[in-house]
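Biologist: I would like to learn how to read a model like this one. Could we go through it together?

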Amino acid sequence: MTARNTATRWGGVSQTLHWLIAVLILAMGILGLTMGEFPKTPKYFWIYTLHKSVGITVLALVVARLGWRLYAGAPQPVPGTPTWQERIAAATHWLLYALMFALPLSGWLYDSASGLRPFRWFGLVDVPKLSGPDRALTQASHAIHEWGFWLLIALVLAHAGAALYHHFHQRDATLARMLPQRWLASPDKD
């Protein structure tokens, strides 16, 4: 497997960033939906800091992923894909990128505007505030964070559903080209 994308496949860097970000977003979603249920103990604050730290990490990885995509390009559409599907896929991808920026940034802005004490990324580095305390900004950023999450979930489900549809119904390489080639190699027959 090559690191760079080719005309027919996503390269190793794109695949790694894609799946790593996907796993972290899944973990963030589970954590975000459940963290309010924890009792107010020191572990509660640790869980919130973990959520914020992973969110900042996702933001950095998305910046890296977008930079890599701009540098390495993207594979051509799978031959035979109708133009309308290509357009929907492109719009979906760019909306996913927008949400992968909006969610961590709105969470960071929410944390900043809420007036909470600064947090340390995984306990290592102080994360600067993006604003001073501001009630209206807190409410707006929280709404963007919450509703953006649900929109992201809907888009991820549509994205995954389309990939599975292409793989199992269309039987094309749409999904396969985002997976390591060694996973797709058939075993040698003796």
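Biologist: Which helix supplies the largest share of the lining of the largest cavity?

Modeller: Helix α2 does, with 3 residues. Before we go on, this is a predicted model: local features need pLDDT of at least 70, side-chain atom pairs count only at pLDDT 80 or more, and totals for chains, interfaces and linings use all residues. Residues are numbered from 1 along each chain as its sequence is written, and side-chain values use heavy atoms, with hydrogens and water left out.

Biologist: What counts as a cavity, and which residues line the largest cavity?

Modeller: On a 1 Å grid over the protein atoms alone, a cavity is a set of points where a 1.4 Å probe fits but cannot get out, and lining residues have an atom within 4 Å of a point. Points are joined across faces, edges and corners, and the volume is the space filled by probe spheres set on them. Searching the whole structure gives 1 cavity of 30 Å³ or more, and the largest cavity has a volume of about 50 Å³. Its lining consists of Trp10, Ser14, Leu17, Arg65, Trp68, Arg69, Tyr97 and Met178. At least two lining residues come from each of α1 (12-34) and α2 (42-72).

Biologist: How many of the lining residues are nonpolar, polar and charged?

Modeller: The lining divides into 5 nonpolar, 1 polar and 2 charged residues. Here Ala, Val, Leu, Ile, Met, Phe, Trp, Tyr, Cys and Pro count as nonpolar, Asp, Glu, Lys and Arg as charged, and the others, Gly among them, as polar.

Biologist: Is Ser53 buried or exposed?

Modeller: Buried means under 20% relative accessible area, exposed over 50%, and partly exposed in between (1.4 Å probe, protein chains only). Ser53, in helix α2, has a relative accessible area of 0%, so Ser53 is buried. Of the 190 residues of the protein, 36% count as buried.

Biologist: Which residues does Ser53 touch?

Modeller: A contact means heavy atoms within 4.5 Å. Leaving out residues up to four places away in sequence, Ser53 touches Phe119, Arg120, Trp121 and Phe122. Now look at Val125 in strand β2 (residues 125-126): Val125 and Ser53 are 72 residues apart in sequence and 9.9 Å apart in space, C-alpha to C-alpha.

Biologist: Where does Phe122 lie, and what is its phi?

Modeller: Phe122 lies in the loop between β1 (120-121) and β2, and has a positive phi of about 50° although it is not a glycine. Arg171, in the loop between α4 and α5 (181-184), has a positive phi near 55°.

How values were computed. 1 Å grid on protein atoms, 1.4 Å probe; cavity = no way out; pocket = protein on both sides within 12 Å on 5 of 7 lines; lining within 4 Å. Helix = DSSP H or I, 4+ residues; strand = E, 2+ residues; numbered from the N terminus.
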